[in-house]
Amino acid sequence: MTVQAIAACNPYKYRPPQSLLRDTITDRNNRRMEAIDAAQLRTEFLRVLRSRRSAEVPLSVEPGKPVVHCLFQESPQPRFSEAMESCPKANISNFKELLEEENFYLITESGEQGRLPVLILSMKEDSHQRKPAVVFLHSTNKCKEWLRPLLEAYTSRGYIAVAIDSRYHGERASSMTTYRDALVSAWKNGDTMPFIFDTVWDLIKLADYLIERKDIDPSRIGISGESLGGMHAWFAAAADTRYAVVVPIIGVQGFRWTIDNDKWQARVDSIKAVFEEARIDLGKSAIDKEVVEKVWDRVAPGLASQFDSPFTVPIIAPRPLLLLNGEEDPRCQLAGLKLPMARAKKAYEEAHSLDNLKLVEQPGIGHQMTSLMVIEASDWFDQFLKK
């Protein structure tokens, strides 16, 4: 399936209101609800993604090598993730001998950032049976190699495990400030969309590649990620229905809700440099909601309006969707999920698939992926991708 066909492949309709999103959140006008075709929203989203692309090129693969020294854009560098190590594994005595690793680059567009680094783990087997696959996305400042405990755990349980470096991360970064610099440049020049959207384009192209592999069942491809990776999983699934099972971990939030309710600070602090640059350019003495809104409109057009969670989460229906959040997460605040979850529930009910929607709110947890979340995600994929 081509990118051009994605928008038309799911005719399911959900019912956002006619008014602007800021009116829908407060419901101050109680406006009449009108059906909007999910395909129309996908078409508009793809139009925005294409608006800042370098020249499109035929999808191609270049060989790569295992990464020896991973670039983490944080100090001190992370060493161990208890949560990822808790992922359920199959007991295979000679697992390392049977593990097969692929490293390559998928060319998703022209230019340096159009070279997508991909890591795939699978098991060496005589069987030619197609398997389910899960794509994993890393969090801010990390890289695909950081996800290896998850990749190996899923591989041991019969999956093809896939990880990529998001834009300006891992092999797509050259220094400790590459991602920060890209965000600032996007604000200054409006020529790229390094926050979420550019990587979603890569994930659409990745799906083009995965469905053509002989070892992957194209109807059983899942997607998951942590934090920034959770946002990537959310938007990729909204844009591309070939991602059949979706598990964003500490990633789904209400961007407009945070602006309207003055709860934007924690999210802004996670990538503060771009907001400080915007504050200076806008002649402000401090970052305020106007600065926040202008940055989102510049670096991810529509993020706090037509592509926000109240619109894009419901169009994942009827595919299985599990949201995993901390009850006290200051970035993905549960109060900001009330409207998108209410609309999603309505969408899944209308699709007769309410059992395919679940939100887990872990008590006492902030913006943190936990062992419970990793195990819940594992169970969800096993439930819907294993046959």
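Lys-188 counts as partly exposed at 40% relative accessibility, where partly exposed means between the limits for buried (under 20% relative accessible area) and exposed (over 50%), with a 1.4 Å probe and protein chains only. The model is predicted, so local features need pLDDT of at least 70 and side-chain atom pairs count only at pLDDT 80 or more, whereas totals for chains, interfaces and linings use all residues. Residues are numbered from 1 along each chain as its sequence is written, and side-chain values use heavy atoms, with hydrogens and water left out.

The side chain of Lys-188 meets that of Glu-277 in a salt bridge, defined as a side-chain nitrogen of Lys or Arg within 4 Å of a carboxyl oxygen of Asp or Glu. Because Glu-277 belongs to helix α12 (residues 272–281) and Lys-188 to helix α7, this pair ties together parts that are 89 residues apart in sequence; helices (H or I, at least four residues) and strands (E, at least two) are DSSP runs numbered from the N terminus.

| Salt bridge | N to O distance |
|---|---|
| Arg-148 and Glu-152 | 2.8 Å |
| Asp-202 and Arg-167 | 2.7 Å |
| Glu-277 and Lys-188 | 3.0 Å |

Asp-202, in helix α8 (residues 197–210), and Arg-167, in the loop between β7 and α7 (178–189), are 35 residues apart. Asp-202 is buried at a relative accessible area of 0%, and Arg-167 is buried at 3%. Both residues belong to a network of salt bridges that also links Arg-53, Glu-109, Arg-172 and Asp-198. Arg-148 and Glu-152, by contrast, lie 4 residues apart in helix α6, and are therefore separated by about one helical turn.

An open sheet of 9 strands, with mixed pairing, has the order β3-β4-β5-β7-β6-β8-β9-β10-β11, two strands being paired if DSSP finds at least two bridges between them. Its edge strands are β3 (60–63) and β11 (357–362), each of which pairs on one side only.

Within this sheet, β8 and β9 run parallel and are joined by 5 bridges, while β9 and β10 pair in the parallel sense over 2 bridges. Both faces of β9 are covered, with Val-245, Val-247 and Ile-249 buried on one side and Val-246 and Pro-248 buried on the other. The bridge partner of Val-246 in β10 is Leu-321. Strand β6 (residues 131–137) also runs parallel to β8 (residues 216–226), with 6 bridges joining them, and Val-135 has Ile-223 in β8 as its bridge partner.
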